[in-house]
Amino acid sequence: MLKIQIDRNVKTGGYRLKMKGHCGFDKEGRDIVCAAASILCLSMAQVLRENKDKLEDKPRIIIHNGKCLLEWQPKARYEGALLNSLYTVKAGLRVLQNEYPDYIEMRE
């Protein structure tokens, strides 16, 4: 099962998207559920890379074999713009969770 956690550190204003595991819907390389979740994580990572100037520090991006960890802290004036991207990713992950509840577990 793919476990997803999305949260915000209220003290620092930072955000985290963490995905771990494999969906197990199909064989590795043919798993459409895992592929869909992966592209959403990769998309958010790309948004962070393309918007480094809108972040307090360099984002932490770790994507490797069943693991995705994204951590970032937006500058206050850009928080809304970056949240729009995160909300889009979260919406896509919710669709996957609703359609494939035996393969994805998400906590916000």
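Biologist: Where is L42 found?

Modeller: L42 sits in helix α1. Helices (H or I, at least four residues) and strands (E, at least two) are DSSP runs, numbered from the N terminus. Keep in mind that this is a predicted model, in which local features need pLDDT of at least 70, side-chain atom pairs count only at pLDDT 80 or more, and totals for chains, interfaces and linings use all residues. Residues are numbered from 1 along each chain as its sequence is written, and side-chain values use heavy atoms, with hydrogens and water left out.

Biologist: Why is L42 called partly exposed?

Modeller: Its relative accessible area is 38%. Buried means under 20% relative accessible area, exposed over 50%, and partly exposed in between (1.4 Å probe, protein chains only). The value for L42 falls in between, so L42 is partly exposed.

Biologist: How far apart are L42 and S85 in space?

Modeller: They are 12 Å apart, C-alpha to C-alpha, and 43 residues apart in sequence.

Biologist: What makes N65 count as exposed?

Modeller: N65 has 61% relative accessibility, which is over 50%, so we call N65 exposed. You will find N65 in the loop between β3 and β4.

Biologist: Which way do β2 and β4 run?

Modeller: They run antiparallel, with six bridges joining them. In β4, K67 stands opposite K20.

Biologist: And β1 with β5, do they run parallel or antiparallel?

Modeller: Parallel, joined by four bridges. I104 in β5 is the bridge partner of L2.

Biologist: Is P59 buried or exposed?

Modeller: Buried: P59 has a relative accessible area of 8%, and that is under 20%. P59 lies in the loop between α1 and β3.

Biologist: What does P59 touch?

Modeller: Leaving out residues up to four places away in sequence, P59 touches L48, K52, E71 and W72. Here contact means heavy atoms within 4.5 Å.

Biologist: What makes a group of residues a nonpolar core?

Modeller: It is a set of buried Ala, Val, Leu, Ile, Met, Phe, Trp, Tyr and Cys residues joined through side-chain atoms within 4.5 Å. The largest such core has 27 residues, of which I4, L17, M19, M44, L70, W72 and L93 touch the most other members. The elements giving two or more residues to this core include β1, β2 and β4. Helix α1 gives the most, with eight residues. In soluble globular proteins, nonpolar side chains tend to be buried together.

Biologist: Which residues are closest to the centre of the largest pocket?

Modeller: G21, H22, C34, S38 and G66, out of 22 lining residues. Helix α1 gives the most to the lining, with five residues.

Biologist: How do the lining residues of the largest pocket divide into nonpolar, polar and charged?

Modeller: Eight are nonpolar, eight polar and six charged. Ala, Val, Leu, Ile, Met, Phe, Trp, Tyr, Cys and Pro count as nonpolar, Asp, Glu, Lys and Arg as charged, and the others, Gly among them, as polar.

Biologist: What makes a space a pocket?

Modeller: On a 1 Å grid over the protein atoms alone, a pocket is an open set of points where a 1.4 Å probe fits, with protein on both sides within 12 Å along at least five of seven lines; a cavity is a set from which the probe cannot get out, and lining residues have an atom within 4 Å of a point.

Note on methods. Pairing = 2+ DSSP bridges.
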